[in-house]
Amino acid sequence: AVPGRASRLRVQARDRHGNAMARGGEQFVARLAGISEVLSCPVTDNGDGTYHIQYCPTIVGEYALAVTLDTGHGPQHIEGSRFALAVTAAPASPTSCGVSGAGLCDTLAGVHTCFTVHGWDVYGNKAALEPADLRVRVEGHQGLEASPVCTVCRARDTSGKENPAALEVAYTPTDSGPYIVSVLLALPPDDGAAAPVMDSVTDSVTDSVSHLVTDSVTDSVTDSVTD
């Protein structure tokens with residue numbers, strides 16, 4: 001299952017001999033329980049002996065779906081209940097992703113710098129990011145030389161292990177002055193769409209981060225030669 005996407009489970013009612021029933025009216029109750037979320041699931045009686053259970057979790061994790069039937073002697077679990085269910089993250093959402101790091105602050109011309117893009121879905125779950133889905137541009141004010149080339153790769157944690165929900169963006173500005181950093185993320189294509197749509201990673205100030213690049217110390221030192 002995926003957060004925010006409704007899923008259904010079909011239940012076939014049977015009599016005590018195992019024969020499929022062709023009428024409705026049974027009282028099934030379903031409950032989905034995870035570490036951080038517990039949901040009561042609506043049950044639809046189709047009137048033909050089948051029932052549909054719908055569930056829509058929003059938090060990533062392992063769940064157990066319990067389905068019980070009121071037999072007149074209290075609720076009894078149906079065969080196989082509790083069912084194991086894994087909920088994985090939805091695609092990364094541009095309005096939920098974030099950016100952080102020194103590459104978004106003042107830096108020095110000619111000095112390598114970087115920042116990190118963090119992937120989150122619309123429900124706040126960590127979401128995987130692919131380098132090919134990211135478009136980054138660092139632009140200087142008019143008159144500066146060509147914008148620096150940005151490289152995108154997997155970010156690593158303190159143990160050196162790759163983090164699938166984070167990407168590191170590196171670049172080296174060569175001129176001093178203000179720069180604008182723009183980050184775009186490819187959205188999953190809608191049905192029938194030929195290509196993904198690019199959207200800004202964030203919908204606030206960090207969408208286009210302006211920061212100042214100053215001359216490095218060696219650029220501003222005037223050598224003097226004495227006899």
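**Ground rules.** I'm working with a predicted model, where local features need pLDDT of at least 70, side-chain atom pairs count only at pLDDT 80 or more, and totals for chains, interfaces and linings use all residues. Residues are numbered from 1 along each chain as its sequence is written, and side-chain values use heavy atoms, with hydrogens and water left out.

**Sheet.** I looked up the strand order and got E9-E11-E14-E13, an open sheet of 4 strands with antiparallel pairing. Strands here are DSSP runs of E of at least two residues, numbered from the N terminus, and two of them pair if DSSP finds at least two bridges between them. E9 (98-100) and E13 (151-156) are the edge strands; each has a single partner, so one side of each has no neighbour in the sheet. From one strand to the next the twist averages 35°, taken between N-to-C directions of lines fitted to C-alpha atoms, on a scale from 0 to 180 degrees.

I then checked E11 (residues 113-118) against E14 (residues 162-171): they run antiparallel and are joined by 6 bridges. Cys114 sits opposite Ala170 in E14.

**Cores.** The largest has 18 residues, and Phe115, Val117, Leu134, Val181 and Val183 have the most contacts inside it. E11, E12 (134-140), E14 and E15 (177-187) each give this core at least two residues, with the largest share, 4 residues, coming from E15. A second, separate core has 16 residues, including Leu32, Tyr51, Ile53 and Leu85.

**Ser81.** I found Ser81 in the loop between E7 (75-77) and E8 (83-87). Buried or exposed? Ser81 has 19% relative accessibility, so it counts as buried; the cut-offs are under 20% for buried, over 50% for exposed and partly exposed in between, with a 1.4 Å probe and protein chains only. Its side chain reaches the backbone nitrogen of Val67 at 2.9 Å. Not counting residues up to four places away in sequence, Ser81 touches Leu65, Ala66 and Val67, contact being heavy atoms within 4.5 Å.

**Arg82.** Arg82 is also in the loop between E7 and E8. Its relative accessible area is 57%, so I logged Arg82 as exposed. Beyond its neighbours within four places in sequence, Arg82 contacts Ala64, Leu65, Ala66 and His77.

Conventions:
A polar contact is a pair of N or O atoms within 3.5 Å; within protein, one must be able to donate a hydrogen and the other to accept it, and residues adjacent in sequence count only if both atoms are side-chain atoms. A nonpolar core is a set of buried Ala, Val, Leu, Ile, Met, Phe, Trp, Tyr and Cys residues joined through side-chain atoms within 4.5 Å.
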